[in-house]
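Hello,

Here is the structure I promised to pass on. Please look it over first; my notes follow below.

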Amino acid sequence: MTEWLIQHFVRDAQNTDNPTVRTRYGQFAGVVCIICNLVLCLSKGAIGLLSGSVSIVADAVNNLSDASSNIISLLGFKLASKPADPGHPYGHGRYEYLAGLIVAALVLAIGIELVKSSVEKILVPTPVEFSAALVVVLLLSICVKLWMAVFNRTVGRRIGSETLEATAVDSRNDVISTAAVLISAIVAQLTGLNLDGWVGAAVGFFILWSGFGLVREAVSPLLGEAPSSELVEHIRSKIMSYPGVLGTHDLMVHDYGPGRQFASAHVEMAAEADPMQSHDLIDNIEQDFKTEDHLIVTLHYDPIVTDDPEVADMRNWINQAVKIIDPRISIHDLRTVPGPTHTNVIFDCVRPTDLELDEAALARRIDQIVRDHYPNTRCVITVDESYVSSEQ
């Protein structure tokens, strides 16, 4: 059913890399969820008032709260689609991250309120109302919310939306809490044992746990999390696939919202080659990223001497030797400046952010390793931080 809805109501649904199509997905999901929650709210409210069931009326209010979080998601996608302006040259894509954070905060608020009301029920037990209307409404709610969880997760993963993933978790939590209420009501009806407060408290703590996870996931991109390993590998392998490229390093990826990422990297090419041809190739690589991946990439040209075998051997040896300290360490931009008493070996070293050695200690350690192998050398080392995760 999810695929049928997408194909009939989302124009150009397959082109999920297009920011406009992505916004259509988000707005469509928001409208669907608002409609579902309002239908549940009205049906539960009507049956609750007719049957005199306070619990069903309370559940109707909860669905109204869910509809409000869907409206926040809808507004997030709408605001995120605003074009760039002089004050925000990278666009407004992070509004979607903010919407996801607000939804996560609402999940936490629901969990806190559920724990609070459950503790009150434990301290002052009240009879659990049981009727056919209660069972029908709760079963209807479980089915609808289960479908909404699958729907939001499917759309969220398709477009990489933390907001819709959070909405899916919220719907899943509603399924669990509603099922728990139904089970406790049935147990109370069959055995007379009132577990309503205890079950509610357990569900409340589960919702709090998932809410904290959602907050962490929503805050991470706002703080500047490392790019995914898949994106890093794609950028690196694509750059290396062009003839004449010898290596790449110093990759940085800046995230200004889903579909609004910018990257920069250094590209090593033979110093002996025609610089105009090398520059033209770099321009072509940047343009290919823009047209094929919708990714703005800025590349810096690093000339590498390739016709000096001694320098090449030294570069390769040092690059392998530093891995004794940590396998993730690498060097680049190595050149030598011979002198009457010693040779300066100048290069950059990429330091993993979680390495125990600080920049100065790492430089001293590498210098000692090189001098043990090349006694008449002195290292001039620039330590760079790695801006992708340590595992990458």
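Pro 19, Arg 22, Thr 23, Phe 77, Ala 80, Ser 81, Glu 96, Pro 258 and Arg 260 line the largest cavity. The terms here come from a 1 Å grid over the protein atoms alone: a cavity is a set of points where a 1.4 Å probe fits but cannot get out, and lining residues have an atom within 4 Å of a point.

Before going on, the ground rules. This is a predicted model, in which local features need pLDDT of at least 70 and side-chain atom pairs count only at pLDDT 80 or more, while totals for chains, interfaces and linings use all residues. Residues are numbered from 1 along each chain as its sequence is written, and side-chain values use heavy atoms, with hydrogens and water left out.

The largest cavity has a volume of about 60 Å³. A volume is the space filled by probe spheres set on the grid points, which are joined across faces, edges and corners. Helices α2 (19–51) and α3 (54–80) each give at least two residues to this lining. The largest share, 3 residues, is from α2. Helices (H or I, at least four residues) and strands (E, at least two) are DSSP runs, numbered from the N terminus. By class, the lining has 4 nonpolar, 2 polar and 3 charged residues. Nonpolar covers Ala, Val, Leu, Ile, Met, Phe, Trp, Tyr, Cys and Pro; charged covers Asp, Glu, Lys and Arg; the others, Gly among them, are polar.

How many cavities of 30 Å³ or more are there? The count is 2. α3, α5 (132–159) and α6 (162–191) each supply at least two of the lining residues. The largest share, 4 residues, comes from α6. This lining divides into 1 nonpolar, 5 polar and 4 charged residues.

**The largest pocket**

A pocket is an open set of points with protein on both sides within 12 Å along at least five of seven lines. The largest pocket has a volume of about 1100 Å³. It is lined by 36 residues. Leu 231, Asp 255, Pro 258, Gly 259 and Gln 261 lie nearest its centre. Pro 258 also lines the largest cavity. Among the elements that each supply at least two lining residues are α4 (94–123), α8 (229–240), β1 (245–255) and α9 (275–293). The pocket lining splits into 12 nonpolar, 11 polar and 13 charged residues.

**Strands**

β4 (residues 330–338) and β5 (residues 343–351) run antiparallel, joined by 7 bridges. Two strands pair if DSSP finds at least two bridges between them. A hairpin of 4 residues connects β4 to β5. Val 337 stands opposite Asn 344 in β5.

β5 also runs parallel to β6 (residues 377–385), with 9 bridges. There, Asp 348 has Thr 382 of β6 as its bridge partner. β5, helix α11 (residues 359–373) and β6 make a right-handed β-α-β unit. Right-handed means that, with the strands pointing away from the viewer, the path from the first strand over the helix to the second runs clockwise.

**Aromatic pairs**

There are 6 aromatic pairs. Rings of Phe, Tyr and Trp (its six-membered ring) pair if their centres lie within 6.5 Å; planes under 30 degrees apart count as stacked, over 60 as edge-to-face and the rest as tilted. Tyr 90 and Tyr 256 are stacked, because their ring centres are 4.2 Å apart and their planes at 10°. Tyr 90 is in the loop between α3 and α4, and Tyr 256 in the loop between β1 and β2 (261–270), so the pair ties together parts 166 residues apart in sequence.

Trp 147 and Phe 151 are also stacked, 5.0 Å centre to centre with 20° between the planes. They sit 4 residues apart in helix α5, so about one helical turn separates them. Ring pairs link Phe 28, Trp 147 and Phe 151 into a cluster.

**Two backbone points to check**

Most residues other than glycine have a negative phi. Asp 250, in strand β1, has a positive phi of about 55°. Asp 333, in strand β4, also has a positive phi of about 55°.

Best wishes
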